[in-house]
Structure formats: C-alpha cells, structure tokens
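Hello,

Here is the structure I promised to pass on to you. Have a look at it first, and then read on for what turned up.

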Amino acid sequence: MNWEVVIGLEIHTQLSTKSKLFSGAAVGFGAKPNTQTTLVDLGMPGALPVFNKEALRMAVMFGHAINAEIGMTSVFARKNYFYPDLPKGYQTSQMDHPIVGKGYLDVTLDDGTTSRVGITRAHLEEDAGKSLHEDYQGMTGIDLNRSSTPLLEIVSEPDIRSAKEAVAYVKMIHSIVTYLGICDGNMAEGSMRCDINLSLRPKGQQEYGTRTEIKNVNSFRFIEKAIYTEIERQADILEDGGRIIQETRLYDPEKNETRSMRSKEDANDYRYFPCPDLLPVVLTQEYVDDIKASLPELPSQKAARFQSDFSLSEYDASVLSSSRAMADYFETAYGVVKDAKLTANWVMGELSKLLNQDQLDVENSPVTANAFGELLVRVKDNTINGKTAKDVLQAMWQGEGSADDIIEAKGLKQVTDTGAIEAMIQSILDANAAQVEQYRASDEDKQKKMIGFFVGQVMKASKGKANPGMVNPILARMLKG
Amino acid sequence: MSIDKQDVQKIAHLARLALTEDDVDQYQHSLSSVLALVEQMQSVDTDGVEPLSNPLEMTQRLREDIVTEENRRDAFLANAPKTDAGLFLVPQVIE
Amino acid sequence: MFKQSISTLAQQLRNKEVSSVELTRLFLDRIQQIDPQLNSFITVSDELALQQAKAADERIASGNATSLTGIPIAHKDLFCTEGTLTTCGSKMLNNFIPPYESTVTSRIQQAGGVMLGKTNLDEFAMGSSNENSYYGAVKNPWNLDKVPGGSSGGSAAAIAAGLAVAATGTDTGGSIRQPASFCGITGLKPTYGRVSRFGMIAYASSLDQGGPMAKSAEDCAHMMQAMAGFDDKDSTSSDTLNDDYLANLNAPLTGLTIGLPKEYFGDGLDANVAKTITTAVKEFEKLGATIKDISLPNLQLSIPAYYVIAPSEASSNLSRFDGVRFGHRCEDPKDLIDMYTRSRAEGFGTEVQKRIMVGTYALSEGYYDAYYLKAQKIRRLIKEDFVNALKDVDVIMGPVAPTTAFGLGSKTSDPVAMYLEDIYTLSVNLAGIPAMSVPAGFVDGMPVGLQIMGNYFAEAKLLNIAHQYQQQTDWHLQTPTLPEGAQA
C-alpha cells in the first residue's frame with residue numbers, strides 16, 4: 001500500500017539564561033554532580049520558586065520570530081508524576097495558558113519548494129535532572145544539576161510529511177533560536193532535543209493513524225534516520241495486518257532502530273493544576289512591543305537582504321544566512337573587501353572546505369573574518385592569483401600570520417610589470433623556437449589550442465606569480481611576431 | 001459519590017502509597033465519606049464564575065537573571081538516605 | 001516572670017533586672033518540668049537557646065536591641081530551622097535537619113528572639129486536634145483530658161502553660177485560631193501573602209499562612225513587627241507596605257462598625273459559647289462600636305471547597321517526600337516503585353495519606369472539573385461574600401469554633417465530624433483575609449475564643465481592636481493550674 005507519513009515534532013530548547021528558571025543556581029553543562037543545585041532545584045521542603053525574567057523575555061522573542069500570538073496571561077501548572085530525577089514529584093510547566101500561542105514557519109526544502117509548518121504552541125517549563133545508570137553499588141545515581149534549567153518546548157502541528165521536511169524544520173528552529181541568541185544550539189550537549197510523533201495512513205485517508213512518540217532524539221542526522229526506520233517498522237506491521245500500539249519509543253543510533261520504552265507512568269494521569277506557588281504571568285502590550293522592536297534580523301530576513309543588497313543567488317543567500325555565525329563571518333569579510341560575489345564564493349568554497357576538513361564551526365575558525373577579508377583584498381587587487389591565495393589561506397590556517405605577511409615573506413606577489421612579463425615571455429619564445437614556428441604556421445583554431453602550452457611555460461617560469469590576465473594578451477601579441 | 005476498592009488501589013498507585021488489604025477497606029470507607037461531604041458543591045450554580053487560585057489575585061514577580069547561589073552540595077546531600085560520588089542513589093532504574 | 005508580656009520583659013532586660021540567659025533558663029527549666037505532661041515540644045534546643053540568649057544579652061548591652069531581643073520564643077515544627085531537627089510532626093521527617101532557615105524564623109532570630117525549641121503539631125498541619133502527630137498528642141493545659149486544638153496545638157499549649165513567651169504558628173484552615181481559642185491565648189492569621197512562606201513546609205500553598213501566637217494582642221503585634229513583610233524568595237509574598245503594628249494599638253474604637261454574620265450563630269453552635277461571644281460583642285458596644293447583622297451566604301460551602309482545594313494542593317506538595325533526597329526510606333527496597341510506595345506508606349500517617357488520596361482523586365482525569373475547578377469557583381463566591389460584607393462593616397465577629405476543646409480521642413473515629421468543626425475558620429483562608437482569636441471567657445472551665453475578621457492587610461486594625469478589648473477584660477491574663485502543683 002502507499003502510505004503517507006504524518007509527523008509532529010516537540011522540540012525542547014534549553015534557554016541560555018545564566019541562572020535557572022526558578023532559582024539562582026548557575027546553569028551549565030559538565031559541572032560535577034549536584035554542584036549546581038539549590039533548595040529549589042532539589043525540591044527541599046519549604047523551598048519556593050521565583051520566575052526568571054530573562055527566560056520570559058527569550059520566550060516572547062521566540063514567539064515573535066514564529067509569527068505567533070503572545071500569551072498576555074500565561075500560567076504555570078504542575079504536571080504530577082514520580083520519577084527519581086524529578087525532585088518535587090511534579091514538573092512545573094504550562095498547560096492551558098502557554099506563553100506562546102499559535103504560530104507558523106515556512107520551511108524551504110533542498111529542492112527549493114516551501115511548505116508551511118504550523119506551530120501549536122511553545123511553553124516554558126523546567127528540565128528534570130539526570131539518572132546515571134552506571135553501576136553505583138548496584139544502584140542508579142541521580143544528578144540534579146539540570147533540574148529547573150529553563151526549557152522552551154516548541155510543539156508543531158502534525159503538518160510534516162517527510163523525514164527531509166522534519167529535518168528542514170528542526171534546522172530552521174535551530175537557526176532561529178541561535179540567531180535570537182536564546183539557545184546555544186548545542187545538540188550534543190542536549191541543548192536541543194526532539195520528540196517525534198509519527199503515524200502512517202493510507203494516501204488519501206483523512207483521519208490519522210495511531211502514532212508513536214520517539215523520545216529525545218538529539219541530532220539532525222538521527223532525526224532523519226529515526227523517522228526512516230520508524231516509518232519502515234510501522235509500514236511492516238500495517239502491511240502484515242497488524243496494529244500500531246500508541247507508546248513511547250527510544251531511537252538507538254547504534255542499531256538504527258527504535259524500541260519500546262518501559263512506560264514511565266503506566267497509567268498516565270498527570271493531574272495538571274495551576275501551580276499555587278507561582279502566580280499568573282501578565283504582560284503589558286508595551287513589553288511585548290518593545291521586544292518585537294528589538295528583535296535581531298532573522299535568517300529569512302537576512303537571506304532576503306543578501307539577495308537584494310548583494311545580488312547573491314537564492315541558494316548562496318540561504319547557505320550564508322543559515323547560521324548567524326556564518327552570516328556574521330560573511331558580512332565582516334565583505335566589509336573589508338567590498339565584493340559580495342568574491343566573498344560568497346570564498347566563504348562557501350575554500351573556507352567551508354577547510355572548516356569541514358578540521359571539523360570546526362565557523363565560530364572557531366583559526367582565520368578571523370577580518371583576516372579572511374584582507375586575503376580577498378589581495379585577490380581582488382591582483383596582488384596574488386586565486387591559486388596562490390589558496391596557498392596563502394592554508395598558511396594563515398596554520399597560524400603563519402596575515403595574508404600580507406605571508407605574501408611578503410614568501411615572495412608571492414604577482415608580477416604585473418608589463419616589461420618584466422615581456423622579458424619573461426621573450427626568453428620562453430627564444431627557448432622554444434620550433435614551437436613558435438609551428439604556431440605561426442597554424443590556422444586560428446589550432447593556435448587557440450596551442451597557446452595554452454606557452455601560458456603554462458610562462459607561469460612555470462614565473463613560479464605562478466605572473467598575472468594570467470596580463471600574460472594572455474601580451475603572449476598573443478608577441479607570438480604574432 | 002462512593003468509590004470502590006479498585007478506585008482506591010488506582011489512587012494509591014498514582015500517589016505511590018503501598019496499601020494492605022485492610023488499608024484499602026478502611027480508605028474506601030473514609031474516602032467515600034469525604035467525597036460525600038464535598039458532593040454538596042455540585043448543587044451550587046457556578047456558571048460564569050471565574051475560578052479563584054490565589055486569594056489576592058496578584059501577578060507573578062520576576063527575578064533578575066543572576067546566579068545568587070553557591071555550591072552547597074555537601075550540606076544538601078547530608079539528609080539523603082543513600083549517596084555516592086556526589087549522587088543521590090536509588091534502586092536501579094530500568095528504561 | 002513567665003507570665004509577663006513582651007513589652008514588660010523587654011523593659012526588664014534593658015534595665016538589667018533580668019538577663020536573657022536567666023530568662024531562657026527559667027523557660028527551659030519549666031519545659032523540662034512541665035512539658036512531659038503536655039507534650040507540646042518535639043525538640044527543645046537548650047544549647048542553641050542559651051547561645052542565642054548570651055548573644056542577646058550582649059546586643060542589649062550594646063544598645064541596639066529590638067523588643068524581641070532576648071525573648072524566649074518557640075517555633076511550630078514546620079518552619080525549617082538550619083541545623084535543628086524539623087519533623088512537621090511526621091515520621092517522614094524523623095531525621096530531617098534542614099540546611100537552611102525559613103524567612104520567619106530567620107527574621108525573629110535577626111530581631112534577637114531566642115529559640116527554645118520546636119513545637120508539636122498535627123502531621124503536616126493536617127488536623128484540628130493535634131492528635132495526628134507521630135510524636136504523640138498534645139494535651140490542653142486547662143484540662144489534660146482535652147485536646148489543645150490543631151494544628152498549631154503545641155505552640156498554643158506551650159504559651160498557655162507558660163513554657164514560651166510567644167510562638168509561631170501556621171493557619172491553613174484555622175490552625176492558629178482554633179488552638180488559640182481552645183487554649184485561651186491570642187493568635188493572628190495574617191492576610192495571605194503578608195508573612196513569607198519560604199521555609200514553611202507546605203500543606204496547601206494557596207491557603208497556608210504563618211502568624212504569631214502569644215498571650216495578648218500587644219505581644220502578637222511585637223511578633224508581627226519582626227515576622228511580617230515582603231520576601232523576594234516567595235512569589236506569593238505581597239509587596240504591600242507593612243503597617244506599624246504597635247503604633248495604633250491604643251486608637252479608640254469609637255465609630256467602629258462590627259458585622260455579626262447570622263451564619264456564625266446558627267445550628268451547631270454551643271449555646272454557652274454563643275452566650276460568651278454575645279457578651280464579648282457587647283463589650284465593644286461599650287467601647288463605642290456599632291453592631292450590624294450581616295450575612296455570609298456561602299459559608300456552608302467553605303467546608304467542601306476547602307476539603308477539595310487543600311488536599312489537592314497537598315497531594316502535589318507532598319510528592320517531594322519520596323525517599324530520595326531526604327526523609328524516610330523503607331528498608332531494602334526491591335525496586336523503585338517499592339521504595340516509593342513503602343517509604344511513603346510508612347512515613348505518612350493515616351490522615352495525611354487520606355488527604356493525599358482525596359487530592360489525587362480530585363485532580364485526576366475526568367474529575368478535575370467536577371472537584372478542583374468547581375471548588376475554585378466556590379472559593380470566589382466565598383471571597384465575594386467577605387468583600388461585599390466588608391464594604392458595610394469594618395470587621396466581622398463571631399466564634400472561632402462551635403464548642404470549647406473536646407476530649408482527647410472523642411472524635412478520632414469520625415474525622416468528617418471533626419472537619420465540620422472547622423466551619424467558622426475555613427472561609428477566612430479561602431478568602432485570604434486576616435483574622436484573630438481573642439480570649440473572651442470560659443465555658444465549664446475551658447477557654448472560648450472570639451474571632452475578629454478584617455479586610456485585606458487590616459492586621460494593625462485587628463490588633464488595635466483586640467488590644468482595646470484586652471484593656472477592658474482579663475480573659476487573656478487567666479492561666480491554667482496544672483496538676484502536681486506546677487503553676488502555669
């Protein structure tokens with residue numbers, strides 16, 4: 001049968017506040033167990049939560065970025081269940097009145113098509129701690145450093161119809177939250193985690209099939225693979241006449257399969273009710289408008305500007321605006337060389353190649369955007385040719401200094417003195433008299449093919465420093481005799 | 001409204017309370033009498049009445065995003081029944 | 001000495017007629033001698049008390065004492081006290097030494113108050129008789145066969161018996177006022193949000209409120225000066241400016257309008273208690289007040305609304321007692337679920353487990369609207385009753401409880417009957433207004449408390465009214481005679 005996949009995503013985004021959602025403990029990854037906790041995060045008797053101002057601001061920023069209604073009155077509720085890394089026996093979250101209401105994102109796929117993914121809501125909630133299953137005296141260890149870390153849970157509508165679309169959507173959310181500076185986007189450290197709700201239905205059918213939820217997938221690649229393998233699993237069951245069980249599953253990247261999780265709460269009854277220790281969060285229109293006015297440029301806006309201001313192609317503009325760091329790098333380098341096409345080609349070409357090769361993010365590039373721009377200035381003013389520039393960049397990558405220092409030290413300056421080039425060409429022509437004779441005897445077509453030989457000889461003699469733009473016409477003139 | 005033994009067992013499970021057979025009998029009786037007491041609410045017309053969560057109907061105050069607490073792990077672990085390597089220990093959790 | 005007011009003792013301390021160390025020793029000796037009969041303390045913190053007393057003497061000598069400096073005070077054992085056992089009357093917290101100090105106890109400490117120890121209470125403040133304590137029932141100093149009331153029964157009994165000058169209490173549905181009434185002392189439940197809940201082990205967060213218990217309104221005012229006020233650690237703390245609770249104690253009551261709700265004088269009220277209250281109200285007429293009959297039509301609904309809201313919040317608040325980070329853990333749990341269910345079943349008493357289950361049920365899927373949401377709507381009706389009534393009158397008066405203290409064990413078999421006894425106090429918590437219990441006479445040798453209810457943040461007014469009454473009457477000065485010749 002021909003199945004249609006229906007996907008909805010819940011993305012947990014860790015907000016990059018300094019302190020926790022409800023306490024003054026530091027937020028950070030990799031601290032020693034239980035060293036970043038307070039009475040509040042440990043759920044000590046008598047401890048009370050107070051809400052972090054910055055988390056609120058970040059959530060409202062996100063709301064604006066996805067064209068959403070902002071919840072002018074949002075209410076924290078308690079989600080009650082027992083789990084050892086949930087210290088209070090409830091998670092403080094938002095239920096009926098989230099901070100961000102309905103919004104949407106237009107997602108562009110690799111093939112250039114665009115689809116709109118609805119966002120149901122985004123709400124603030126506290127993270128739980130971590131259970132460490134390594135053997136501690138035959139027991140499980142509980143680290144509550146992560147407890148009460150602020151999360152924004154972004155819930156999409158079941159509008160997604162393919163793995164590719166899901167990944168494009170998550171990438172877009174990733175780029176928005178990092179652009180806004182509200183999340184560091186570090187998926188390996190769990191700063192963004194994705195729950196995938198997935199079901200199949202026969203093509204053309206209106207009603208949804210039974211869905212499963214794949215919990216805590218934390219890379220773009222795993223999201224794509226988890227979706228493919230779950231589609232396959234569900235399709236196999238359905239085609240054998242079986243039924244899908246609504247359950248929570250876990251993706252195992254090593255085996256590339258999803259497997260059923262032993263249910264956290266066999267009868268899920270979370271008994272939500274408004275948290276009596278926290279009061280309704282009421283916003284003024286002025287507060288909401290101020291945040292909107294001070295919103296940084298978003299990826300889609302930046303891409304549009306790159307196209308209109310710099311005449312870049314849609315593809316180039318979208319690649320260069322995909323992350324804020326990349327866009328900033330591009331714009332800084334552009335500011336130095338003032339040639340958008342040249343900068344775009346080099347950022348997307350040589351720079352990306354070197355970054356990939358060393359598995360670095362652009363933020364950690366050993367060559368700063370300014371230094372990169374200075375290199376491009378030397379390409380643009382013909383001090384060096386493209387091939388030499390690649391070598392200079394390589395040297396800069398190794399920390400050998402600025403472009404100018406390297407060009408100077410290695411004597412790579414292109415020869416642009418007409419007299420010097422003529423002299424060089426003359427000695428080549430003298431040394432290859434037979435070929436010159438042959439050239440002069442040939443017709444125009446043949447000559448076009450033969451001139452490459454002489455250019456190559458000149459470049460070789462100049463050790464690549466002769467400006468090819470000058471060599472060609474001079475050579476042609478001198479060959480005519 | 002009265003509740004049966006199965007209800008009691010379900011509630012006790014949600015609340016994580018181990019009950020003996022005798023306890024179940026006893027709570028079935030006592031919970032039913034509390035529920036009977038609160039049943040009189042149902043006769044009141046509350047259409048259009050907004051629920052009241054906080055008597056003063058204040059709004060949430062905001063805390064500056066600053067780190068105010070230091071590491072006090074040893075003091076916090078001191079009350080725990082079982083710890084090791086700075087962790088709280090619980091019977092093995094199987095996922 | 002142990003019968004003196006805070007003002008008098010503060011004067012004597014300043015004049016060096018007595019030192020805080022001497023005063024503290026006197027109270028510690030009395031506790032040792034008398035408390036075995038009453039069981040009002042769970043923990044007596046001798047050493048700490050003497051240390052604090054010594055520091056208080058030094059502070060008094062240096063000339064920057066407050067009126068509480070050097071005064072021996074007891075704390076209800078649900079305020080977290082750093083380094084001192086805090087049990088909440090439960091086996092669950094049998095070994096819990098808080099790593100921090102509650103705002104209330106910390107403020108009293110900063111004012112120079114000396115902590116004698118921690119007083120007994122109904123487990124997690126759930127009860128009206130103090131019989132629900134893992135550490136045993138407290139006895140009423142006026143009659144050892146009777147209950148002191150609850151849940152702040154230990155604090156009330158200790159003050160009545162002269163074992164502490166003043167004490168802290170908490171009131172979720174009457175837990176300061178009813179024991180104050182039963183033990184013949186003065187107690188104030190402030191407006192919700194007036195006293196910080198930080199470090200107060202929660203029963204029902206939207207109803208809980210800490211307050212002072214003492215021999216007189218004036219002493220309660222001294223306590224409020226230290227206890228009350230905004231706390232940025234409690235989101236529900238009000239930033240309304242604090243009144244000076246002492247400044248207007250002596251204001252005359254001429255022109256005061258007192259409302260008497262007919263619902264407070266209906267069926268179920270003991271005739272002699274009714275007579276006592278009526279006599280007390282007449283005293284206010286003499287002081288220049290006008291009496292007006294009023295109605296609080298939804299009073300009866302406060303019982304069901306309370307017994308849904310309080311258990312619901314409690315069921316969630318008490319989930320943190322899971323045997324992981326603090327509190328009781330059962331022996332040799334075989335797995336996680338076994339650890340949870342046995343630790344909690346062993347650690348919590350019957351009444352607590354029952355309320356957790358009622359709350360769990362009321363919040364569960366399919367019942368939320370019919371119970372929790374309905375109760376919150378009724379809560380608004382009850383609040384509106386008070387708001388409307390207080391447009392016409394300055395304060396509302398009535399009894400605190402339908403009867404005087406009842407016999408130990410007389411109501412344990414029928415808890416629901418005991419719930420009904422809270423009829424006059426619950427509505428105040430649901431509305432969040434302040435209210436006091438003031439000694440107003442005796443019935444068959446047992447004290448009767450007059451309840452004075454006021455508008456939001458009218459604590460200073462209530463204290464003024466109670467103080468004026470206590471200038472005309474001496475009910476608050478009566479003390480019980482304890483057996484075996486011990487003078488209370």
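Which residue in β3(B) does A:T140 stand opposite? A:T140 faces B:V90.

Before going on, a word on the basis: this is a predicted model, where local features need pLDDT of at least 70, side-chain atom pairs count only at pLDDT 80 or more, and totals for chains, interfaces and linings use all residues. Residues are numbered from 1 along each chain as its sequence is written, chains are lettered from A and ligands numbered from 1 in the order in which they are written, and side-chain values use heavy atoms, with hydrogens and water left out.

Strand β9 of chain A covers residues 139-143 (strands are DSSP runs of E with at least two residues, numbered from the N terminus). Five of its five residues are buried, meaning under 20% relative accessible area with a 1.4 Å probe, protein chains only.

β9(A) pairs in the antiparallel sense with β3 of chain B, residues 87-91, over four bridges (two strands pair if DSSP finds at least two bridges between them). Within chain A, β8 (residues 130-136) also pairs with β9(A), antiparallel and over four bridges; there, A:S131 has A:I142 as its bridge partner. β8(A) and β9(A) make a hairpin with two residues between them, and A:Q137 in the turn has a positive phi of about 50 degrees.

By class, the lining of the largest cavity has five nonpolar, eight polar and two charged residues. Here a cavity is a set of points on a 1 Å grid over the protein atoms alone where a 1.4 Å probe fits but cannot get out, and lining residues have an atom within 4 Å of a point. Ala, Val, Leu, Ile, Met, Phe, Trp, Tyr, Cys and Pro count as nonpolar, Asp, Glu, Lys and Arg as charged, and the others, Gly among them, as polar.

Best wishes

Methods. Buried < 20%, exposed > 50% of the residue type's maximum accessible area, 1.4 Å probe, protein only.
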